[in-house]
Amino acid sequence: MTDSLATSIATLQEMVHAADVVVGFTGAGISTESGVPDFRSPNSPWMRNRPIPFDVFVQSLDARREAWRRKFIMDDLYRDARPSQGHLGIAALIASGRMPAVITQNIDGLHQASGLADHQVIELHGNGTYAKCLQCGRRYELGWVRACFEASGDPPDCEACGGIIKSATISFGQAMPEDPVRRAQNLTLNCDLCLVVGSSLVVYPAAAFPVIAKENGAKLVIINREPTPLDGIADHVIRAEIGLVLSAFIPRN
């Protein structure tokens, strides 16, 4: 670790310790260190297996077949992913009481795998580790959906109401979930430090939350390997490996 990075991490620690309420905001970068592919990286497998737009998914059985085929290909690519030091650092901040919850753009469930309870993770784009019926909301595990799909070639319908079953993610063209958005806004308006981790901050409306925090008087810290559009208004920017930075918050035995 360079002296300048050590100084930047020390500054971050001071800012966290001085804050009453810290809100975490995480993007794909925190999970790439776990082996989960980034949507925008060159040659990303997401570009070869693009998510099907919501309206097309709902209207076409062929589209649903293709969506599930692509979903299972992507799942196989990172099924062995485990929480990174970045995830563990966020979990440590929440365990310390300084961070009530983390707002995430990610769908991989790695925050929960790091030890966080569901209520401590505000998922703006849903969760790709299970499925739900679009009509009645019944939850389905992916193993069952996949077994049905591979046996018949068609995705199953809801056993309760006959509705369409879809991965519990928010697809392009699908409305953002009301409760997580409301919780994220409330937390953002009541924090005095917003800690952005691994987000390119170009996907809206999710990327508006750090802006809201800053405009409401909170300090803004951005940890990301690449520049972001909000670097200019941030109070502190660290361009380094996320796990290296956030491991500073993991208690040592």
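Me: Contact here means heavy atoms within 4.5 Å. With that settled, what covers the buried residues of helix H8?

Reply: Good place to start, bearing in mind that this is a predicted model. Helix H8 spans residues 142-152, and its buried residues are Leu142, Val145, Arg146 and Phe149. Their cover includes helix H5 (61-77) and the strands S4, S5 (139-141) and S6.

Me: Which exposed residues does H8 carry on the face turned away from its buried side?

Reply: To count as exposed, a residue needs over 50% relative accessible area. On the face of H8 turned away from the buried side, the exposed residues are Gly143, Ala151 and Ser152.

Me: Which element gives the largest share of the lining of the second largest pocket?

Reply: This pocket holds about 570 Å³ of space. Its lining has 27 residues, with Gly126, Tyr130, Lys132, Ala168 and Pro177 nearest the centre. Two or more lining residues come from each of strand S3 (121-123), strand S4 (126-133), strand S6 (165-169) and helix H9 (178-189). The largest share, six residues, is given by S4.

Me: Is Thr169 buried or exposed?

Reply: Thr169 sits in strand S6. Beyond its neighbours within four places in sequence, Thr169 contacts Ile107, His125, Gly126, Asn127, Gly128 and Gln174. The cut-off for burial is under 20% relative accessible area. At 15%, Thr169 is buried.

Me: Which element supplies the largest share of the largest nonpolar core?

Reply: That core has 27 residues, and those with the most contacts inside it are Leu12, Leu195 and Ile223. At least two residues each come from helix H1 (3-18), helix H6 (85-95), strand S7 (193-197), strand S8 (219-223) and helix H11 (242-246). The largest share, five residues, is supplied by H1.

Me: Which residues does Leu195 touch, not counting those up to four places away in sequence?

Reply: Leu195 is one of the residues with the most contacts inside the largest nonpolar core. With residues up to four places away set aside, Leu195 touches Leu12, Val22, Val23, Gly24, Phe25, Leu93, Met99, Val221, Ile223 and Leu246.

Note on methods:
Residues are numbered from 1 along each chain as its sequence is written. This is a predicted model: local features need pLDDT of at least 70, side-chain atom pairs count only at pLDDT 80 or more; totals for chains, interfaces and linings use all residues. Side-chain values use heavy atoms; hydrogens and water are left out. On a 1 Å grid over the protein atoms alone, a cavity is a set of points where a 1.4 Å probe fits but cannot get out, and a pocket is an open set with protein on both sides within 12 Å along at least five of seven lines; lining residues have an atom within 4 Å of a point. Grid points are joined across faces, edges and corners, and a volume is the space filled by probe spheres set on the points. Helices (H or I, at least four residues) and strands (E, at least two) are DSSP runs, numbered from the N terminus. Buried means under 20% relative accessible area, exposed over 50%, partly exposed in between (1.4 Å probe, protein chains only). A nonpolar core is a set of buried Ala, Val, Leu, Ile, Met, Phe, Trp, Tyr and Cys residues joined through side-chain atoms within 4.5 Å.
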